[in-house]
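Thank you all for coming.

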Amino acid sequence: MTRIALVTLLVDDYDEAIRFYTEALGFRLAEDTARPDGSRWVVVEPAARAHGTALLLARAEGESQRARVGDQTGGRVGFFLHTDDFARDHARMLAAGVTFLEEPRHEPYGSVAVFQDLSGNRWDLLQPAE
């Protein structure tokens with residue numbers, strides 16, 4: 001079996017990103033290891049991870065990478081956070097200060113609302129239809 005294990009997400013600051021993903025989105029910090037070059041290997045994942053994909057939070061280095069923080073997909077939704085209880089997670093995220101860019105909507109494929117992370121990347125919070 002193969003799977004995508006990690007996706008790199010460029011961030012400005014490790015600790016700020018860890019706080020956002022663990023506190024606002026409810027992820028768990030899976031790893032935070034200092035590296036000899038001064039960088040860190042920081043992995044966060046949804047708390048109820050079931051063989052899903054985790055995020056490698058990588059501090060942007062250099063002008064080219066810093067320019068992409070918050071716009072890694074050219075303004076499109078690039079990340080999809082599935083939930084089994086949309087109302088619960090939407091309310092929790094709002095209370096934690098997450099910025100939603102639209103009101104929740106109910107589509108044939110499920111309940112969804114676009115939100116942005118601390119850097120401005122667009123995400124879907126999605127409860128797939130049964």
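**A walk through the model**

Helices (H or I, at least four residues) and strands (E, at least two) are DSSP runs, numbered from the N terminus, and two strands pair if DSSP finds at least two bridges between them. Before I go on, please keep in mind that this is a predicted model, in which local features need pLDDT of at least 70 and side-chain atom pairs count only at pLDDT 80 or more, while totals for chains, interfaces and linings use all residues. Residues are numbered from 1 along each chain as its sequence is written, and side-chain values use heavy atoms, with hydrogens and water left out.

Strand β1 is joined to β4, residues 54-59, by 6 bridges, and the two run parallel. They belong to an open sheet of 4 strands with mixed pairing, in the order β1-β4-β3-β2. At its edges are β1 (6-11) and β2 (27-34), each of which pairs on one side only, and from one strand to the next the twist averages 25 degrees. Helix α1, residues 14-24, lies across β1, β2, β3 (40-46) and β4, and it runs at about 155 degrees to β4; for such angles, axes are lines fitted to C-alpha atoms, for helices over the stretch in contact, and the values run from 0 to 180 degrees between N-to-C directions.

What does R40 touch, if we do not count residues up to four places away in sequence? R40 is found in strand β3, and its contacts (heavy atoms within 4.5 Å) include Y14, D15, I18, D32 and L57. R40 and R59 are 19 residues apart in sequence and, C-alpha to C-alpha, 8.2 Å apart in space.

Strand β5 (residues 77-82) pairs with β9 (residues 122-128) in the parallel sense over 5 bridges, whereas β8 (residues 110-116) and β9 run antiparallel, joined by 7 bridges. W123 in β9 is the bridge partner of F79, and W123 is also the bridge partner of F115. β8 and β9 form a hairpin with 5 residues between them, and G120 in the turn has a positive phi of about 110 degrees.

F79, F115 and W123 also belong, with F20, Y21, F27 and F100, to one aromatic cluster. The structure holds 7 aromatic pairs, where rings of Phe, Tyr and Trp (its six-membered ring) pair if their centres lie within 6.5 Å, and planes under 30 degrees apart count as stacked, over 60 as edge-to-face and the rest as tilted. The ring centres of F20 and Y21 are 5.1 Å apart with planes at 85 degrees, so this pair is edge-to-face. For Y21 and F27 the centres are 5.7 Å apart and the planes at 45 degrees, so that pair is tilted.

Are these residues buried or exposed? Both Y21 and F27 are buried, and F20 also counts as buried, at 13% relative accessibility; buried means under 20% relative accessible area, exposed over 50%, and partly exposed in between (1.4 Å probe, protein chains only).

Finally, the whole chain: its secondary structure comes to 3 helices and 9 strands, and buried residues make up 35% of its 130 residues.
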